[in-house]
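Hi everyone, thanks for coming. Let me put the chain up on the screen, and then we can walk through it together.

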Amino acid sequence: MVQFEIHKIFSLNLFGYDVSFTNSSLMMIVSLVLICGFMILAMNGRSLVPSRVQSMAEIVYEYVAGMVTENLGQDGMKFFPWVFSIFIFVLVLNFIGLIPGNFTVTSHIIVTFALAAMVWIVATMVGFWKHGLGYLRLFVPEGVPFWLMPIIIPIELISYFIRPISHSVRLFANMMAGHTMLEVFATFAVVLPWWGKIAPTGFMVAFTGLEVLVAFLQALIFAVLTCIYLNDAVNMHH
C-alpha cells in the first residue's frame, strides 16, 4: 500500500535522533497553513452580513463552542481554543487525505496516538490541578459496595490508562480502512475489462462520498471524546 508509506523529503539528524522532514510532516504543515489562511480570511473585514467564508468559520466556531459547553458547561469555555484546534486540525488532515495522491496523516497510528496521548496527559494534569489527590476518587465510583472495590478499582484504572489507545485506534483504523477499500475498488476499476469496470467505479464514487462523511465524523468523535475526558477531570462525573 504505497499511499501509506512515509518518505523522507530531506534527512535531518539532531543529537543522534532522526528528525527527518517527511511527507507526513509536509501534510501537517500544509494543513496548518490552510487552517490559518482560512481563519484569517474569514475574520478579516468582519461584517454584519457575513461572506460565505465568514459564515463557514462562524458555523464551525459555534458548533465546537456548543460541543464544549454541552459537555463541560460554561466554565469549560476556557478549554475551547484547545478543543477547537484539535477538531479543525484533525478535520483538515482527514479531508486532505481524501485528495488522490495525497498522504493521509491520520492513517498512521503514531500520529493519532501522539494526539490522543496529549489529550490524556492534559486531562490528567487538569484533574490533579483542580482536585489534587482527590482526583483519585475518579477510580472509586460512588455507591459501589466496599467488598467490590478490589475488582472495580483495577477495572477503572485499566479503562483510564487505555484511553489514549482506544482514542487513537478509532481514528487511525477508520481512516486506514476507508482508504484501503478505495484502493481495492480503484484496482478493480483499472485491471478489469471495460464491462467489469462499471460496478467497482460506481462503488468507488459512492464510497468516496461515505469517506467524506467518515472524515468529518471521526474528527467530531475525536473532539467529543476530548471534551468527555476533560469533563471527567473538571467535574469528576461518573
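I'll begin with the overall chain and then turn to a patch on its surface.

A quick note on sources: this is a predicted model, where local features need pLDDT of at least 70, side-chain atom pairs count only at pLDDT 80 or more, and totals for chains, interfaces and linings use all residues. Residues are numbered from 1 along each chain as its sequence is written, and side-chain values use heavy atoms, leaving out hydrogens and water.

So, the fold. There are 7 helices and 4 strands, taken as DSSP runs numbered from the N terminus (helices H or I, at least four residues; strands E, at least two). From the N terminus, the order is β-β-β-β-α-α-α-α-α-α-α. Along the principal axes, the C-alpha atoms fill a box of roughly 70 × 50 × 45 Å. Of the 238 residues, 37% are buried (buried is under 20% relative accessible area, exposed over 50%, partly exposed in between; 1.4 Å probe, protein chains only).

Now, which residues make the nonpolar surface patch of about 990 Å²? They are Ile9, Phe10, Leu12, Leu14, Phe15, Tyr17, Val19, Leu26, Val30 and Leu34. Strand E1 (8–10) and helix H1 (23–43) are the elements giving two or more residues to this patch, and H1 has the largest share, with 3 residues.

Please look at Phe15, in the loop between strand E2 (13–14) and strand E3 (17–18). Is Phe15 buried or exposed? Phe15 is exposed, because its relative accessible area is 75%.

Notes:
Patches are made of residues with over 30% relative accessible area and no salt bridge: like charges are joined within 9 Å, nonpolar side chains (Val, Leu, Ile, Met, Phe, Trp, Tyr) within 5 Å. Accessible areas come from the Shrake-Rupley method with a 1.4 Å probe; for residues, only the protein chains shown count as cover. A salt bridge is a side-chain nitrogen of Lys or Arg within 4 Å of a carboxyl oxygen of Asp or Glu.
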